[in-house]
Amino acid sequence: MSVPPSAEPTLWELHRAVSQLREDLRGDLAQLAARLDRVVTQDVYRADQRAVDQRISQVEAGLAGLRGEHDQATERAEQQRREDQAQTAATRRLVFSSFVSPVLLMALQLWLAARGTSP
């Protein structure tokens with residue numbers, strides 16, 4: 001099968017195709033340049049990652065310190081609660097021995113005295 005002579009592109013059509021190709025290539029290169037402006041080098045990326053790792057380590061250390069302080073505060077509060085309970089029990093014993101016992105003894109003496117005098 002042979003190609004008819006009219007099927008070949010003219011020089012003007014070739015010129016238009018090459019011009020269009022050149023414009024497309026310029027647009028693509030401009031897009032590539034814009035994307036390359038947002039790209040960082042590996043050195044910068046690694047430095048940023050090291051800084052992030054350091055900040056995370058500092059936060060973890062701070063959290064560990066806070067956790068330790070919280071545990072100590074909880075233990076102190078528990079110890080204070082136990083001491084308060086012991087103090088409350090001692091106060092109850094003191095109240096009983098100071099006020100209730102003498103009243104009971106006096107009532108017992110009065111009762112015994114009342115029984116002893118009756119015939």
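Where do R26 and E23 lie, and how many residues apart are they? Both lie in helix 1 (residues 11-37), three residues apart, which is about one turn of the helix. The points below set this pair in the context of the whole structure, which is a predicted model.

1. Overall form. The protein chain contains two helices and zero strands. Its radius of gyration is 49 Å, whereas the globule rule gives 14 Å for 119 residues; the value is well over that figure, so the chain is more spread out than a compact globule. The box filled by the C-alpha atoms, taken along the principal axes, is roughly 160 × 35 × 25 Å.

2. Separation along helix 2. R115 is placed in helix 2. The C-alpha atom of R115 is separated by 96 Å from that of Q49, and the two residues are 66 residues apart along the chain. R115 counts as exposed, because its relative accessibility of 54% is over the 50% cut-off.

3. Burial and surface. Of the 119 residues in the protein chain, 0% are buried. The chain exposes about 11,200 Å², and carbon and sulfur atoms supply 61% of this area.

4. Salt bridges in the whole structure. How many salt bridges does a search of the whole structure find? The search finds four. Among them are the pairs R26 with E23, R81 with E78, and E78 with R82.

5. In the salt bridge between R26 and E23, the closest N and O atoms are 3.0 Å apart. R26 has a relative accessibility of 49% and therefore counts as partly exposed. E23 is likewise partly exposed, with a relative accessible area of 45%.

6. The pairs around E78 in helix 2. The side chains of E78 and R81 meet in a salt bridge with an N to O distance of 2.2 Å. These two residues are three residues apart in helix 2 (residues 42-117), so about one helical turn separates them. E78 also forms a salt bridge with R82, in which the closest N and O atoms are 3.6 Å apart. Here the spacing is four residues in helix 2, and again the separation is about one helical turn.

7. What is the relative accessible area of E78? The value is 29%, and E78 is therefore partly exposed. R81, at 39% relative accessibility, counts as partly exposed. R82 is partly exposed as well, with a relative accessible area of 35%.

8. A nonpolar patch. Which residues make the nonpolar surface patch of about 490 Å²? The patch is made by L25, L29, L32, L36 and V39. One of these residues, L32, has its place in helix 1. L32 has a relative accessibility of 43% and so counts as partly exposed.

9. The protein chain carries 15 positive and 16 negative charges. The mean position of the positive charges and that of the negative charges are 12 Å apart.

10. Summary. The predicted model is a chain of two helices and zero strands, with 0% of its residues buried.

Terms used: Residues are numbered from 1 along each chain as its sequence is written. This is a predicted model: local features need pLDDT of at least 70, side-chain atom pairs count only at pLDDT 80 or more; totals for chains, interfaces and linings use all residues. Side-chain values use heavy atoms; hydrogens and water are left out. Buried means under 20% relative accessible area, exposed over 50%, partly exposed in between (1.4 Å probe, protein chains only). Patches are made of residues with over 30% relative accessible area and no salt bridge: like charges are joined within 9 Å, nonpolar side chains (Val, Leu, Ile, Met, Phe, Trp, Tyr) within 5 Å. Accessible areas come from the Shrake-Rupley method with a 1.4 Å probe; for residues, only the protein chains shown count as cover. The radius of gyration is taken over C-alpha atoms; the globule rule is 2.2 Å times the number of residues to the power 0.38. Lys and Arg count as positive and Asp and Glu as negative; His and the chain ends are not counted. The place of a charge is taken as NZ of Lys, CZ of Arg, CG of Asp or CD of Glu.
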